[in-house]
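Colleague: I'm new to this one. Can we go through it piece by piece?

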Amino acid sequence: KEPLVMYSHESDVPRYERPDTPAAGDVSCGKTTDPNLIHKARQLVARVYAERGFIQRENISDDGVIGERHDPDQHNADYYVVIDHEDDVIATARTIRYEDARALDSFPLVRDHIEALDPAIVDDIENRYGWENVREISGLARDRAADPKKLAATQLYKAMFLDAWKENDGNEQVFVMACNPNLRTSLLQLFGDSIQQMGPPLDYPGQPAESVMFTTRAGAIETINRSKDKKNPYRKLHQQVVEFFLHGPEANTLDPHIVDALRAN
């Protein structure tokens, strides 16, 4: 059978609350290397994907995870989790890294849908940014009962973006993903032209999907600039986005271009 392509399916419009508010203060969020938490994250993905019809239940192993046959990208992925006060994983996502040995096969979106992607965008990623600076966001799942305020997905995006802004060693880091069309519309509203559609709608099981790429540094700078543009009808929203995503980290840990944009505004 064909490998399962993990899908960033969350379609809710993102919501923002500062992390020191009571609503967000009873959970923690970030990247983890803890095998137990990663296993719980993979169990959550398997459960949510089965409930939504993205996978068949017979493709889930006895220990409750999707096996390597259908998920060959688990070994070159960084897992992000939202955990509650009992160390239960209530939401998760992951970023898939480039591996020299696998080349473009490192990324399921490219590996399985290369013919559907705009060749000009694929060439631009290779020649302008380099595939080593690409991360594919996938495997986004949350326990809706444990996340009634719908904040977990946005907390995961914040953690992934902050790591991209910290890790980039001067290079622009690019996120790619297959996502629900509603999520793509929300991201476009939030981050403007730094969100690009990579091709026509994709044939994904269970739900429509669109391929997008996001230049993380350019997206941050554009949103910071728009948050102070008096002619911008979404100025208040962009101010909330900037406050949410950039509340917490030390300035000297961030990409200096982003710090410069904050100072300028």
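Colleague: What is the bridge partner of I96 in β4?

Modeller: The bridge partner of I96 in β4 is E136. Strands here are DSSP runs of E with at least two residues, helices are runs of H or I with at least four, and both are numbered from the N terminus. This is a predicted model, where local features need pLDDT of at least 70, side-chain atom pairs count only at pLDDT 80 or more, and totals for chains, interfaces and linings use all residues. Residues are numbered from 1 along each chain as its sequence is written, and side-chain values use heavy atoms, with hydrogens and water left out.

Colleague: How many bridges join β3 to β4?

Modeller: Five, and the two strands run antiparallel. β4 covers residues 134-142. Two strands count as paired if DSSP finds at least two bridges between them. R94 also has a bridge partner in β4, namely S138.

Colleague: Where does R94 sit?

Modeller: R94 is in strand β3, residues 89-96.

Colleague: Buried or exposed?

Modeller: R94 counts as buried, because its relative accessibility is 2%. Buried means under 20% relative accessible area, exposed means over 50%, and partly exposed is in between, using a 1.4 Å probe and protein chains only.

Colleague: Which side chain does R94 touch at 2.9 Å?

Modeller: That is D71, in a polar contact between the two side chains. The side chain of Y79 makes a polar contact with that of R94 too, at 3.0 Å. A polar contact is a pair of N or O atoms within 3.5 Å; within protein, one must be able to donate a hydrogen and the other to accept it, and residues adjacent in sequence count only if both atoms are side-chain atoms.

Colleague: How many residues of β3 are buried?

Modeller: Eight of the eight, so β3 is largely enclosed by the rest of the structure. For β4 it is nine of the nine, so that strand is largely enclosed as well.

Colleague: What about β2 and β3?

Modeller: Strand β2, residues 77-83, runs antiparallel to β3, with seven bridges between them. V82 has A91 in β3 as its bridge partner. The hairpin of β2 and β3 has five residues between the strands, and D87 there takes a positive phi near 65°.

Colleague: Zooming out. In what order do the seven strands come in the sheet?

Modeller: The order is β1-β2-β3-β4-β5-β7-β6, in an open sheet with mixed pairing. β1 (28-32) and β6 (195-197) stand at the edges with a single partner strand each, so one side of each has no neighbour in the sheet. The twist averages 25° from one strand to the next. That angle is between axes, which are lines fitted to C-alpha atoms, for helices over the stretch in contact; angles run from 0 to 180 degrees between N-to-C directions.

Colleague: In which sense do β4 and β5 pair?

Modeller: They pair in the parallel sense, over three bridges. β5 covers residues 174-179. V134 stands opposite V174 in β5, and R135 stands opposite F175.

Colleague: Now helices. Which strands does α2 lie across?

Modeller: Helix α2, residues 35-51, lies across β1, β2, β3 and β4, at about 95° to β3. Those strands are included in what covers the buried residues of α2. Among these buried residues are L37, A41, L44 and V48. An α-helix has 3.6 residues a turn, so residues three or four places apart point the same way.

Colleague: And the ends of α2?

Modeller: At the start, a side-chain oxygen of D34 reaches to within 2.8 Å of the backbone nitrogen of N36. After α2 comes G53, with a positive phi near 80°.

Colleague: Which strands does α4 lie across?

Modeller: Helix α4, residues 119-129, lies across β4, β5, β6 and β7 (210-215), running at about 25° to β7.

Colleague: Another spot. What is H113 in contact with?

Modeller: Leaving aside neighbours within four places in sequence, H113 is in contact with P108, L202, D203 and Y204. Contact means heavy atoms within 4.5 Å. H113 is in helix α3, residues 108-113. Its relative accessibility is 13%, so H113 counts as buried.

Colleague: How many helices are in the protein?

Modeller: Nine, along with seven strands. Of the protein's 265 residues, 52% count as buried.
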